[in-house]
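Q: Could you walk me through some helix packing and the chain contact here?

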Amino acid sequence: MSANSIIETKKATIQFNGLTAVDNVDFRMQAGEAVGIIGPNGAGKTTFFNLLTGLYLPTEGNILFAGRDITRVPPYKRVTLGIIRTFQLVSVFDSLPVIDNLALSTIRFGENYGSKWKFFFTDVHGEKIMKNCLDQLDVMGISDKADLMTSELSYGDKRKLEIAVALSLNPKILLLDEPFAGLSDQEITEVSVIINKVKATLSLVIIEHKISRIVDIVKRLCVMHEGRLIADGPPEQVLSDATVREVYWGKEEGLTCSV
Amino acid sequence: MERADTRLIKRSIWQYLDVPIIAVAFLIILPLLGINRTTDFIIFCIFVLGFNILYGFMGRLSFGHMLYLGTGAYTMTIFSEHISQNPLLAILASIVAGALIGVILGPIIVRTTGACFALINLAFCQVGFFLVLVAFSRQTGGEDGMSANFSKLSFLNFGNKAVVFGFVLFCLLLTYYFLKKFTSSPFGVLIKSIKENETRVKFLGYNTFTYKWVTFIISTTISAFSGALSILNYGYVTPSFIDPTRAVEVIFAALIGGSGSLYGSIIGGVVYMTISNYLASYIPRWEMFLGFALLVVVFRLRTGVWGFIVGMFNKRQKVLEG
């Protein structure tokens with residue numbers, strides 16, 4: 001089909017006990033694009049991510065990555081292909097030191113090693129692995145906290161750590177699920193600076209509630225409502241769309257009637 | 001901003017001294033307990049280590065670990081009866097048998113978590129117990145068990161209790177060293193991560209099933225190894241080596257010492273064995289006190305004895321620093 005579309009869904013549908021969470025979504029993006037997905041609570045945004053990353057299998061429809069059908073490929077293999085995600089509720093390993101969180105992702109499934117056995121016997125706190133981990137933490141500006149326990153970090157720092165882990169996996173496409181939720185204004189600025197910096201090297205999809213936070217990151221906005229994709233295009237165009245305004249702010253004439 | 005390189009790469013000297021410390025500790029308690037009991041303690045500690053790699057590190061609690069111990073014990077005995085009386089070969093055969101049972105049962109068992117994991121192990125242990133006690137009673141001696149005879153090796157005479165002690169201590173240190181290497185590698189981080197959030201590990205690009213299986217095999221192999229060593233020490237096998245009800249012992253030991261730590265496993269093993277060996281000679285219903293000990297662990301020492309010691313040490317360090 002399309003030679004350079006990085007990810008594509010064809011009539012992707014998922015139902016849970018009769019409830020259609022994602023309904024017939026045809027979505028397609030080019031390599032290098034940055035797309036924002038917005039929509040009210042329960043619109044199916046996160047479920048759509050779960051379909052793309054393989055946590056759920058679609059009831060119907062197909063998912064293509066770089067032209068290859070990955071509908072039935074398990075999550076861990078999609079990661080090795082380069083589909084990397086973060087989670088809505090920040091998901092790092094609280095019981096490990098900060099630096100150990102990065103160990104598994106920086107060694108990249110052992111491909112940075114000569115042999116498989118080294119995965120079982122090299123010291124994880126050896127210089128080589130630690131240097132890579134610290135470099136990644138430097139990118140997010142939290143390398144001074146490397147030897148703390150992860151549970152001691154603030155929520156914002158945990159979010160930064162999670163993004164550091166995602167970046168260290170060398171994503172071809174990065175899926176961020178509400179990366180700004182629960183962050184302070186200053187942290188939001190810091191994180192969006194970093195996202196803006198890395199987005200040149202990869203394809204990016206961001207789910208976000210508040211449109212204002214992502215309009216300067218993405219060039220294209222998709223709106224989801226009740227599992228369907230109801231609008232798709234440049235932010236200005238999407239935000240002036242009548243159906244989108246209705247979903248977000250309610251019917252305008254309805255308001256006038258009630259007054 | 002200071003990078004944490006130096007702090008992270010700098011090791012405390014204690015990390016290199018752990019093997020000698022364990023060796024010296026057992027040599028110190030040797031005259032207190034006598035050679036038979038100390039050997040017994042050490043073998044039990046190896047079993048706790050094997051159990052704890054699965055429970056403490058990967059967070060999978062098994063109620064049926066006696067099966068793997070029993071596999072080692074019975075392989076050891078039957079091998080010496082039918083194939084060769086060379087004790088080293090028999091131990092090797094037991095290790096292979098332990099690994100094999102892990103390879104075979106692993107794919108079924110490691111798919112499950114929580115209560116299901118605990119009970120499926122127990123179920124297999126019951127099957128093993130039945131096979132030994134009833135179905136193959138002619139080969140295993142049934143309820144009476146059978147004795148194992150080993151030939152004397154010119155360089156290792158296992159007829160001498162001191163030699164057995166030395167050999168068993170060497171085995172413990174070897175197991176400890178092997179597991180220490182394992183748990184401080186990326187693989188160690190991986191299994192600790194599985195304990196916390198398995199789904200997240202999948203999204204780091206790892207097929208968790210394979211690694212859970214590998215960990216399970218390591219655990220069954222070490223358990224079988226300790227089973228084989230107990231036969232070397234006792235010279236006979238009975239169905240109590242595979243009795244499902246005895247699984248509690250190793251769980252208690254792991255909890256008392258502190259799950260998720262190798263030192264903790266050894267301390268737990270020693271503490272449990274001390275309670276069960278010595279309290280039993282003074283108080284007939286000593287198990288009640290084991291229950292009290294467990295209550296103390298659950299309410300006061302959540303991280304076990306070893307976790308408590310580490311916590312105390314860290315607190316002091318912080319007070320001293322500032």
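Q: Which residues of α9(B) meet α11(B)?
A: In this predicted model, B:L190, B:I191 and B:I194 of α9(B) meet B:T208, B:Y211, B:K212 and B:T215 of α11(B), where contact requires C-beta atoms, placed from the backbone, within 7 Å, and helices are DSSP runs (H or I, at least four residues) numbered from the N terminus. Local features need pLDDT of at least 70, side-chain atom pairs count only at pLDDT 80 or more, and totals for chains, interfaces and linings use all residues. Residues are numbered from 1 along each chain as its sequence is written, with chains lettered from A in the order in which they are written.

Q: At what angle do α9(B) and α11(B) pack?
A: The angle is about 110°, with the axes 11 Å apart, the axes being lines fitted to C-alpha atoms over the stretch in contact and angles running from 0 to 180 degrees between N-to-C directions. The two helices are therefore roughly perpendicular, a label for 65 to 115 degrees.

Q: Switching topic, how many residues of chain B are in contact with chain A?
A: On the chain B side there are 28, in contact with 33 residues of chain A. The largest share of that chain B side, eight residues, comes from α9(B).

Q: And which elements give two or more residues to that side of chain B?
A: Those are α1 (5–9), α8 (161–183), α9 (186–196) and α10 (198–202) of chain B.

Q: What about α3(A) and α5(A), what is their angle?
A: Helix α3 (residues 98–106) and helix α5 (residues 127–140) of chain A pack at about 105°, with their axes 9 Å apart, which makes α3(A) roughly perpendicular to α5(A).

How values were computed
Angles under 35 degrees count as roughly parallel, over 145 as roughly antiparallel, 65 to 115 as roughly perpendicular and the rest as oblique. Two residues are in contact if their C-beta atoms, placed from the backbone, lie within 7 Å.
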